Structure formats: C-alpha cells, structure tokens
Amino acid sequence: MPFDRSMSDTAKNEAELDARTMGILIERVAADRDRDAFVLLFRHFAPRLKSYLMRLGAGAEPAEELAQEAMIMVWRKAHTFDAAQASASTWIFRIARNKRIDALRRESRPELDASDPMLVPEQPEEADKVVEATQEEGRLRRALKVLPPEQAEIVRLAYFEDQAHSSIADSTGLPLGTVKSRLRLALARLRTVLQEEDL
Amino acid sequence: MSSVRLPEEMVLAYASGQLNEAMSLVVASHLVYAPESRRDVARYEALGGALLEELEPSEMHGDVLERTLALIDDEEDAEIVEPELEVRDGLALPASLRRYVGPDIEALAWRKVMKGVQDVELGVSPGCRTRLMRIEPGVTVPRHSHRGAEVTLVLRGAYEDETGHYGPGAVQMADENVDHQPSAVGEETCLCLVVRDAPIRLSGRIGKLLNPFIRY
C-alpha cells in the first residue's frame, strides 16, 4: 500500500467532514435563514459552479451569473434539502444542472415528482441498502482519484462537456468505440471500487 | 430486451443533464414505476456532485457575494408553491408526463394509425418523435425495425413481442438491429410513450409495400 491505514482513514474522514459540514450549513439556511452559513456555502460552491458552467460552454460572465442564480436557488429551496437522500454537493449539482438546461439549452428538464401519488415505493429490504449520502460522496471522490487518468477524463467529459459521445470522439480525436468502451470501463471500475468499500 | 432497469448510458446522460427533453421525459416518467432506476439515477447524480467538488474553483468578481446577499435580502420569504396539475380524464399518469399531456388525454389530437392503434404527437424535442400510442388488446403492430434509436415506456396495459413481456413501467430500447412485432395483451388498452429520433421503417412483405405511403 502506498500509504498507511491511519493516513487514509484521516483523509477519508476529512472528505466526509467537508460533505457533512456543507449539509449542516444548508440545514441552517433552511431552519434559521442563517446568512453566515450561506456565505460559507457561496464561497465554496459558487466558484466551482462557475467552472462547471464554463466547461459546458458558457462565457465567464454568463457562467458567473448562472452560478449566482443557482446559489439563490440554494437559499430559496434549502428547506427541500434532505441529507439522507443526497450530499450537499450532489443537491447543488442538480440545481446547477437544471439551471443550465433551462438557461443555456432553453429546454425544460422533466423530473420525477417525489410526491407523485403513482410513485411505486422502495421495497423495505432495498431501503436498507441505501448508502449514507455523505459516505458515498467520499467514496466516489476517492474512487475517481484512483481511476486511470484517461478513464477519469472521459467520465469528466461525460458530465462537463455539452456533447454526445460522438462529439467527445471528435474533440478528443478518439474513435467513438474507444470513447464508449473507456466510459463503460470507468463506470464499471467506479462501481467495483464502491462495492469493495462496502465489504 | 425486457427491462425494468434503464441502460447505464441513458441513466448517466439523464443524471449529467446531457439527455434531450424527449428522452428525459421517458426517464422521468419511468422513474415513478422503478425504485431501482431511481437508485441508479441517484448514484450518477452523486457522481456529478463528486465531480463538482473536484473542479478547480474559478475566479469570481469581488462583489458577487455582496450582490447576491442583497438579492436574497430583497426576496420575500414566500413559499414557492407549484400549482396543482389539473386532471380531468381520471387517468393516473406520472406527473412529469401529465405536464405535457394536459388535463384531458382525450382532448389530444389522436389519429388512427391502423385498426386498433392510435397515436398522437406531443411535440417535445425537435428532431425527436414523441408520441403517445394506444393499442387495443389483441392487436398486433406490423413488423418494423428502426433507423436510429427508439424507446418505449409502457404506461398502462402491456404488450409482448419476440423478446418478452412489457408491462407498466417497462422500457424497451430498439434500434436498427431490432425487428419486432409487438402485440397488446391483457384486457386493458396498452398506453405507451414512444420516443424516436429517426423515421420508422416497416419490414415484412406487406410492410415494404406500404413503406412509401406511411408517414410516421
């Protein structure tokens, strides 16, 4: 092993602490309209949201505006955040993703309505398997770090480039088959790493 | 292939926000029926969150935070209430789909495709055909294959073809390699959401004759 057990546990705990802290901040915004908590969230997420939106093709100014609008949505919708369902970064990613679809693609984003009376509920046994959201974020971030670089890059492109796999193929100069198989391999590896950590 | 799980690539595209509106509508509607698919989507959204955290932060203008705080100060803290979707046809549909159908499914411009089969175009994404399709029990849709990708989501009733049985919530992916002849089974009219990105091509002896005259 390249590093000893205790160091990796520390790194693991720090990543989870960050995720848990962010979740608590959102809960403070929801419960108390806590501006200080919002400022901390803004300072952490707004610059990353700007990067996200710029990678998807927005210019610097529009990206900054959209990042700001996404953070305003965070303020408005904080009461809908559920730490058991998703980590703070996942919840905020979803807000930014939907904002981008609405503002840059000028489309609607069909979403599941969680209060839909037609919703077929989870089987009770399946519900037990739900991984605690902040733990999962930590595992995913560690798993991304150990992916081979060319696979990690393809995964990033799948989320951060506004293009189908065929245009990823064009822009990377890779054959389409290679793009698809690299992505499949990367996702399979991520799943394997996540399952290993389950043991 | 008969499935209550969506293909991984489709889940990823939906979670990452790359999927177009018509295909996203199929996914969002399917999720109502399929807890396992919901977990798949959640996992890929979690990957999006992890990737967001790994991004290098960009420089922001010095006053963005102040301006944002000023904006939230100005906001009334009124609860944003989504208006209830009106339903007048007594039909349970996934809420995401009901938004596109309207309060009365019968008020849509249904047209006869053949005896026992009707469809209506919902007009969701340019370049995609997004249809609701109704097939009466016992009716078989002619053999057809597909240029491009087609996704079918069963909303009510069921159909069968060479590959299996498809009931409510099931999705069937089809492309040019699939040449199938779906038959509605059971007692209820089979209602499906069908999204396709290229014109259908009829196969079989009769189908090939009809092809130039059929506009799907």
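How many residues lie between β1(B) and β2(B) in the hairpin they form? What we have here is a predicted model, and in it the hairpin of β1(B) and β2(B) has 2 residues between the strands, with B:G116 in the turn showing a positive phi of about 85 degrees. The two strands, β1 at residues 111-114 and β2 at residues 117-121 of chain B, run antiparallel and are joined by 3 bridges, and within this pairing B:R111 stands opposite B:D119 of β2(B).

Let me turn now to the interface of the two chains. On the chain B side 58 residues are in contact with 68 residues of chain A, and together the chains bury about 6,000 Å² between them, of which 59% is on carbon and sulfur atoms. As for charged pairs, the count between chain B and chain A is 8 salt bridges, and I would point you to the side chains of B:E8 and A:R191, which meet in a salt bridge at 2.1 Å, N to O. Taking polar contacts, the rule finds 29 residue pairs across this interface, with both residues at pLDDT 80 or more.

Which helix of chain B gives the most to the side that touches chain A? At least two residues each are supplied by α1 (8-16), α2 (21-33), α3 (35-54), α4 (64-74) and α5 (95-101) of chain B, and it is α3(B) that gives the most, with 15 residues. Sorted by type, the residues on the side of chain B that touches chain A divide into 30 nonpolar, 12 polar and 16 charged.

Key
Residues numbered from 1 in each chain as written. Chains lettered and ligands numbered in written order. Predicted model: local features only at pLDDT ≥ 70, side-chain atom pairs only at ≥ 80, totals over all residues. Heavy atoms only, no water. Pairing = 2+ DSSP bridges. Helix = DSSP H or I, 4+ residues; strand = E, 2+ residues; numbered from the N terminus. Contact = heavy atoms within 4.5 Å. Buried area = accessible area lost by both parts, 1.4 Å probe. Salt bridge = Lys/Arg side-chain N within 4 Å of Asp/Glu carboxyl O. Polar contact = N/O pair within 3.5 Å; in protein donor to acceptor, adjacent residues only side chain to side chain. Nonpolar A, V, L, I, M, F, W, Y, C, P; charged D, E, K, R; others polar.
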